[in-house]
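Please keep the sequence at hand while reading.

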Amino acid sequence: MSLNGFRAKANSIKNVHFDEHAWKNNYAEKFLLAEEIDQAEELRPPQELKIRAASQRYDAKRKRFIAEGGVTITLDGGVLMADLVEFDVGFKTLYARGAVRFKKGANYFQGSSLRYNLLQKTGELKDVYGVLDLENPIYTLSSVGITPFSPLYPSKEISSNRSVDLPEVELTQGQKKFNYPEIACPAVLPPLPDWQPREWAVTGWGGEMIDSGFGDTFIFNGRLRRQYLYGIGLQKRFYRSGVFSLEFETDIFNHNAYKDIGGKYNQDVEFADLKPQNFGEGLIGIGARLWVRPWLSFAVTEGISYYSEVSEYERTFRKKYSQLLNYLAFEIEVSTSKNVSIVGRIHHRSGAFGIYNGAHGGGNGYLLGLRYRWQNEVNNNTEVKLQPPLGCKSSSRDDSTLRKPLSEELDSIVLGDGSPKYESLKFPILKKDKTKSSDFGFSNNYKEYEKLSVYEQEEIRGKMISRLDQRMSNIKFKKSFKIEKKLGVPESSRTRILQEEKEFGRVKPGQLVDLGRTKFISGRISRWRVQASRVILNADGWEADRMAFTNDPFTPAQSRIDAEGIIAREEDDGTTVITSKRNRLVLEDRLPIPVSRVRRFENEEEVENRWVVGFDYADRDGAFIGRNLKEKKLSENFKLSLQPQVNLERSIDGNTQSYVSKDDSVAEDKILQKGEFLDNFGLESNLSGKVWGWGIEANSDISTFSPNNFLNGSRHWGDISKLSYLPLVGEVETRFFSAYRYRAWNGSLGETDIYTAYGAFLQKSGRFKSGNLTNNLLVRVGSGRYQAEKNSTKSLTDLWRGNIYASLSSGLPLWSGKTAPLTPDRAYRYSPVPITPGVALQTNLNTSLSTYGDGKGQSTLSFSGGPAFTIGRFDNLLLSYSKFSLIAGGTLKSGASPFSFDQAVDLGTLGLGVAQQIYGPLILDIGIEYNIDSASSNYGQILDSNIELRYQRRAYDFGLYFNPYKRIGGFRIRLNDFSFDGTGIPFVPYNPTKMKREVDKKSII
């Protein structure tokens, strides 16, 4: 090759500078180098891979391109970084090793090593941790720009066996240097303290019986009877999963009953005095216990109770009685030391809806006990052990094993050895300084740490967590409910068609937002953090033996999903269906709860357990359970959801009082009927889709399949809606609706049914601000045909109804304080949003004008408003959060409606709302609304009420709720969703096996 030819050849190779003086001094060597560079250029990965590294070379013997030392590769808008990267030309395989990291948008993944074959589209990633953004997800490596490698074949073999150094490939013009995060190493923390390892317990009991129903015993409503009992009980735990356990229990009691008032049954003279009585009681049962704090647990025990003789009280206060009855106990236990605790219990025996000799009810009492626990249980921890990635030195890896150059290890790229450039993780062993209650000093003896009390271990662990670098910023709560609001009724079961104006109507305390039947576990998540020891990559998805997911941005995660046997496949529509053999929702690394096996990862993925638990006394006679079936896709535009149900209380009782007689009008009173087999089953369904820009939704709520009650036990409603743009008005919603037996609530009038309805309306809504004043505006014009209950009668009327409705809701902050520091142990300790102390004013002004087919009309003008006070920042254990609302409202009315469902009643109202932290994350939420219209026959009557006991955490909450007015309630768990900046750190608990040796000689306190 001539000098000019080589100059042209060298200049054609990007970033190779031609030195003519060096050429003349060593022509032959440079000529050979140029030939090898020329052929290496043909073999190297395509220019779409923008590579930066300390050194780059081509190994001619092994036919590999090698980049080493802070390697950065730009891939399809993302960046891959590793200590070393190799590309095998022959097998078309990419290897990356040592602090492997990839970031694209909000997605971030890291691991120890990556191997991926471009032809087979298979590979594996080890020691995986990352952030998966479902709004812009990365499901397979093909979506991150690795598969665009084009086949590279050499034009001829290179005879030289030596490696050829290649010049660095610069980033393209205008591309900024990426500020890449360091590898995220797991936090090395002491193990969670075992709150109650003792598996045996003996309890001494004493108590007194009460004359009341089972429900009234919880509110201490009744007459204490002169019947006293004392005894002893033995408990043995036989199953344990974190803070949840099952235990066997047996108790023996002696009852001393003195002369007392009798009942009206089974005696010659009603309410005659009972003679004194002395008898014994024996019971056996199975208890379920949940420890919510190291010193506090709740338990429910179910079993059988046997009296040595018939109780005179039960014989005279019950129509039927039995010596053998069902036993049910609700218990609270408070520990005073490691072994001793005080126990309070509601002691209840009954016929369990007639199962025992037809008996209904039995006896109730209160027990107080002193309990002693002993014999520690061996804690067999079956949690998966996830290694830190290369770049984080682990105590379970040999310190002397150093990483060797890849050129010397051939294909050993995925070996899990260490890296000398990172210091070893240290576990600080601390002990409490007895002279100072708040100080901790250093000790190199791990056994001293184990000897500390549970509370001292919790305190040390908490302080270590507070010192972690969470690598998180700009955390924003996205989905679920806010701390000051309640969970709303799902859209499919919400009275949104015919009563939406009530939602935009008078202001109510947040505690009176409707509660409805909900999924046992629910929540929409748009961003997951994930962790696994090994992920197998394939052409259409990936697999993992075990993987953890968390919605919590902080570590340790308050909630995570532990999934096993995972298989992920990408569907034609771009979503990925992830199935697993088992899923568990793990709360606080202590409480595992089984959840659904099939996961669908898509934008704002919904996390749920398919089981539904609730109470519905209006349609289902009480408690029921349901199961959400897998959503069925009927076509490209339509999907169907089904929820079969079993009416538990109805099936046990054998009767129903939810329907009118077969020959009566639907508006007549419901009667007590003997239940049929098909009365025990129900179904809820939702059909949704879109056609020609119109959204379509149809819902059914069926509480029985009995032919005699089916029409009176079915409710159906649906609508068709579309948003359109009108000149001068803007975006307007057009909606057509229809309904059959639609349930409506109207204040003191209670529940009323709209038997049939159809119609249409136009609606304009918007939100605007004026200074600090936030306003929500709704204007609606519509007309419909209704067949519904008449006002103050049991008959139906059928009329057209035209309506104009307008509402303006406003909120004005009067004073606002400061939030707690935005850290996981302060502002985000119990709440998904930082709580700001303050005072706000809420107001609503609305007007309604209705005309009816009989020529009558009704018009109203209403105003409501009042202050809401938020006290505290919800960042401490005791009394650090309270919220009070006081809302008054008044209505001016002209005319009257012929219908019951929209009759303007309760023209004066007063709403009270209280949310109070009891201890730690435990909150009691109560809302009550009263009628204060002195001219009303319902003056002083409660119009609505909600009661909820909620366990509130940053990442999740669960609660028991009940609405005595509407007689609906349930239990639910909800996960919260967050957006954030940063990568976070691995969240699965990690405890090195050589923890005792790894002692940091510096105090962290």
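W528 and F549 are both buried (buried means under 20% relative accessible area, exposed over 50%, partly exposed in between, with a 1.4 Å probe and protein chains only). The model is predicted: local features need pLDDT of at least 70 and side-chain atom pairs pLDDT 80 or more, while totals for chains, interfaces and linings use all residues. Residues are numbered from 1 along each chain as its sequence is written, and side-chain values use heavy atoms, leaving out hydrogens and water.

The structure holds 31 aromatic pairs. Rings of Phe, Tyr and Trp (its six-membered ring) pair if their centres lie within 6.5 Å; planes under 30 degrees apart are stacked, over 60 edge-to-face and the rest tilted. Two of these pairs are listed here.

| Pair | Centre to centre | Angle of planes | Type |
|---|---|---|---|
| F214 and F218 | 5.3 Å | 80 degrees | edge-to-face |
| W528 and F549 | 5.9 Å | 75 degrees | edge-to-face |

W528 lies in strand β24 (residues 527-538) and F549 in strand β25 (residues 541-550), so their pair ties together parts 21 residues apart in sequence. Strands are DSSP runs of E, at least two residues, numbered from the N terminus. F214 is partly exposed at 26% relative accessible area, and F218 is partly exposed at 38%. F737, F761, Y786, Y852, F899 and F901 form one aromatic cluster.

Charged side chains also meet rings. R225 lies over the face of Y313, 3.5 Å from the ring centre, and the charged end of R590 sits over the ring of W195, 3.8 Å from its centre. The criterion is NZ of Lys or CZ of Arg within 6 Å of the ring centre and within 35 degrees of the ring normal.

Definitions and conventions. Helix = DSSP H or I, 4+ residues; strand = E, 2+ residues; numbered from the N terminus.
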